[in-house]
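Q: Please take a close look at one packing contact in this structure, and then carry on from there to other parts. I would like the cut-offs behind each term as you go.

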Amino acid sequence: MIATLCSFLVLSQGAEAISKELPNGAKLRVERVADSKKVMVALFASADNLPGDAGTPGTRHLLEHFIAKGPDRLLDMKLESAGLSLTATTERDGTNFVIMGPSEKAVMAVESLRDLLEPVEVGEGEIATEIKIIDQEGVFRDRFSRFLDSAWLNLFDPGIESVYGNLEAMRQLKPADLRTSSQALMKSGGLTVFVRGDVDPGVTAMRVEEILMSAPKGESVRTERNFLESIGKKESVKAKGSARAVIAAGLDRPMTLARIGSALALMKMEPGFQVVYEASFDRGPILLYGTSDTTFASIKKYTREDMRRFAPFARLNAILYVSGLEREGPAYGILRAKLVRQAPAFDMNQLHSTAAGLTDDEIWSALQDWQGGAMHIGGIQ
Amino acid sequence: MISALLGLSMVQYQVKLSVLELPKPEAETVSIHAYLWRDKNFVKEEQSWRLICAITGVNSLTYNASEVGYFGGTAGIRPRVVSSPDFLRVEVVSSPEKWKESLALAASLVAQPNWRSNQWEEAEKVLAGTVLDSWSESLWPMPEFTEKLLEDEAPNAHSRIIDRSGLRLIVEGPVEIGEAREEMEKVSRLWSVPEYRSLSRFAEESKLPMKQNLAVTTFEMSGKAIRVGEAGSAAQFLATVALGVGKGSTLWETLREREGLAYRTEAVFWPTRNGFVPRLFMLRRAEEGEIQYAETMVKSLEQGVEAYDMISLARAKVMAEQILLYPNSFAAVYVDAENTLFGLPDDDLRWRGLLNGMGLPSVPLARWVEMLNEVDEKAFQAAAKELVDSASFRVTQGVPGL
């Protein structure tokens, strides 16, 4: 009876789908896309499984690197030899693993989840080498990273730390710490698997269910993101440029798309802007970053009268943004897995109509945020 | 006499056309790709080329911006413009009923930019303020826009390039052979290339910079352009995959996983007018004395190649098929400066259009995968060795501590 209540079958856009919540709290969704010849398997481990990175900023990031290698460090080689590939990322919302490839290898792709759920067993030498790699990764952190970190830290109570981590602190981690943290990260209560492709949903869901039921048992206690008022808030960071940040309530809200659309429109009309947003159905900041401390002066000129021309362009950019989200790459898999966990009732297909239906008032309100209402972050360098 | 002189000074040239028609009766839409290929990448035209790429698609002498927008509204998709150092491409997807209008629009956007109303000054400002990330900068460095372009500079470059290279169109869908060409000949009958100043025969060709204003240093080994379909090309393609594509590649396994030297190692196939150039990259934090890592990179690859066997070849074949035909995290075959083959609906057309522009037979992707599967171990090993031994090495130094 419980199983019947928790699972349901839907038919939408020609994709037969099964969604389930398992007794141990794990969630899954399998969607068939007939004749696509492709498969995508995404595992999302909520950050709530390891709150505050277990006291060492960057623990989840380091775990992501090790988990992706598999217990025998041969996971990539095995997958690639079968035409599959694995991508791993760490975000504020959680740690993500996406396996993609031909649907004829769907069983292998799904079975690889077992490797990802294994506790991390590494030696001290391996930790040292991996931290060297993460140090090198640091150089690719975007110019806006410090501004984004500041927004996460200062717009929430308690503040949300950078996921990249503190290398010095990470160097102190011992193999036993990583083993314990990896088991916590893979606690069933915070796990979600999303599978999409040319697969039999019933059979695949059964297989995923069996794997998820083998995950370490444990509840995932959701940490509410209490946000602070952005108006009038000012911070500074040691970096070049300047930024404005505003809290978005989630992708399923029109104002999120209005702010993204208007920011993207500004970026295309005025030099030196970048728009940053970690797509999510939870609260998080949208950042408009300017490469210099004077970049924002250029957007003061837009007035309500300009909405006749500005609003359609912002709307178009919101639509293009949504189209980009739907491109079937790893980011799409991660977003869909998050959706299952964070907003299961929301239909992704609504995003297009929300973007197309943004009103001039919503876009004007969003533009005013960028002109002044958002948190101001100045760069000092 | 005066009018004769005036007539002489107003000489204009006919736009040269090349049309490749790929009938696909079962298709529900017609895909149209219009290309402008550069004959050479001259230093003098680098800024202009970036600007031409930025303004293409805004409007043309035949279609104003509203008409282009209206087309997007009625066809559902606005023309998409992509570019690279060697070419730009306008892509239009059309309903079969409107394909001739779509063809005319795509061709016009490439061949007839309207410099009076395309707001090129604004586009130039945006370009001047653009800061690329280290990966984009490694692939196609942004020229410095320290001096503003003269009013006629970009139009002149456009006229010169289109006069030299012509307009190249690729049409795929439920169309008959000869229809597209006939339509284009009709449409472009009155189009002309405005008079332009020639470049000096001593004009310098562009070179990649030795320094970049980033915290990253780029180590790059590049091989000879792979001429898809020609002898040895399939083995060269697989050798590049084995060396740098994916986490089982030599670059990843040695420089990243074994040495911990870099986070980002990668191989890409870069589209140029001569073919797909294999480019092997290691990007790392800029530091003093970093030049030693160039030797480490070469030695790692040399050692890796020595150990290539049937398993390496098998992995390369599987990986190659994935990056050519399906969405893949390690997508490596660039179809312009920003996008790779990714199993998308028009990828085969993009690939075939590029081959056509490279002067190669337009081998479909599926056929190319079959050709890759015919490569034997000996040819694969020889191609890998040849690539590493003959590659040119380039280090673009970043700024330590930036």
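**A helix crossing and beyond**

A: Helix 4 of chain A passes helix 9 of chain A in a right-handed crossing. A crossing is right-handed if the near helix is turned clockwise from the far one by less than a right angle, and left-handed if anticlockwise. Before going on, please note that this is a predicted model, where local features need pLDDT of at least 70 and side-chain atom pairs count only at pLDDT 80 or more, while totals for chains, interfaces and linings use all residues. Residues are numbered from 1 along each chain as its sequence is written, and chains are lettered from A and ligands numbered from 1 in the order in which they are written. Helices (H or I, at least four residues) and strands (E, at least two) are DSSP runs, numbered from the N terminus.

Back to the crossing: the axes of helix 4 (residues 106-117) and helix 9 (residues 201-213) of chain A come within 9 Å and cross at roughly 15 degrees. Axes here are lines fitted to C-alpha atoms, for helices over the stretch in contact, with angles from 0 to 180 degrees between N-to-C directions. From helix 4 of chain A, A:A106, A:V110, A:L113 and A:R114 meet A:T204, A:R207, A:V208 and A:I211 of helix 9 of chain A, where contact requires C-beta atoms, placed from the backbone, to lie within 7 Å. By class, this contact of helix 4 with helix 9 of chain A has 5 nonpolar, 1 polar and 2 charged residues. Ala, Val, Leu, Ile, Met, Phe, Trp, Tyr, Cys and Pro count as nonpolar, Asp, Glu, Lys and Arg as charged, and the others, Gly among them, as polar.

Another helix pair can be read in the same terms. Helix 11 (residues 307-325) and helix 14 (residues 360-373) of chain A have axes that come within 10 Å and cross at roughly 90 degrees, so helix 11 and helix 14 of chain A are roughly perpendicular to each other. In this pair, A:M307, A:F310, A:A311, A:A314 and A:R315 of helix 11 of chain A meet A:D360, A:I363, A:W364 and A:L367 of helix 14 of chain A. The contact of helix 11 with helix 14 of chain A divides into 7 nonpolar, no polar and 2 charged residues.

Now for the place where the chains touch. The contact takes 26 residues from chain A and 32 residues from chain B. On the side of chain B that touches chain A, helix 5 (120-128), strand 10 (275-285) and helix 12 (310-325) of chain B each give two or more residues. Helix 12 of chain B provides the largest share of that side, 6 residues.

With 28 C-beta neighbours inside 10 Å, B:I32 counts as buried; buried means 20 or more other C-beta atoms within 10 Å of a residue's own, exposed 12 or fewer, and partly exposed in between, with C-beta atoms placed from the backbone. Beyond its neighbours within four places in sequence, B:I32 is in contact with residues including B:V92, B:L103, B:A106 and B:V171. B:A106 lies 74 residues from B:I32 in sequence, yet their C-alpha atoms are 7.4 Å apart in space.

Notes: Two residues are in contact if their C-beta atoms, placed from the backbone, lie within 7 Å. Angles under 35 degrees count as roughly parallel, over 145 as roughly antiparallel, 65 to 115 as roughly perpendicular and the rest as oblique.
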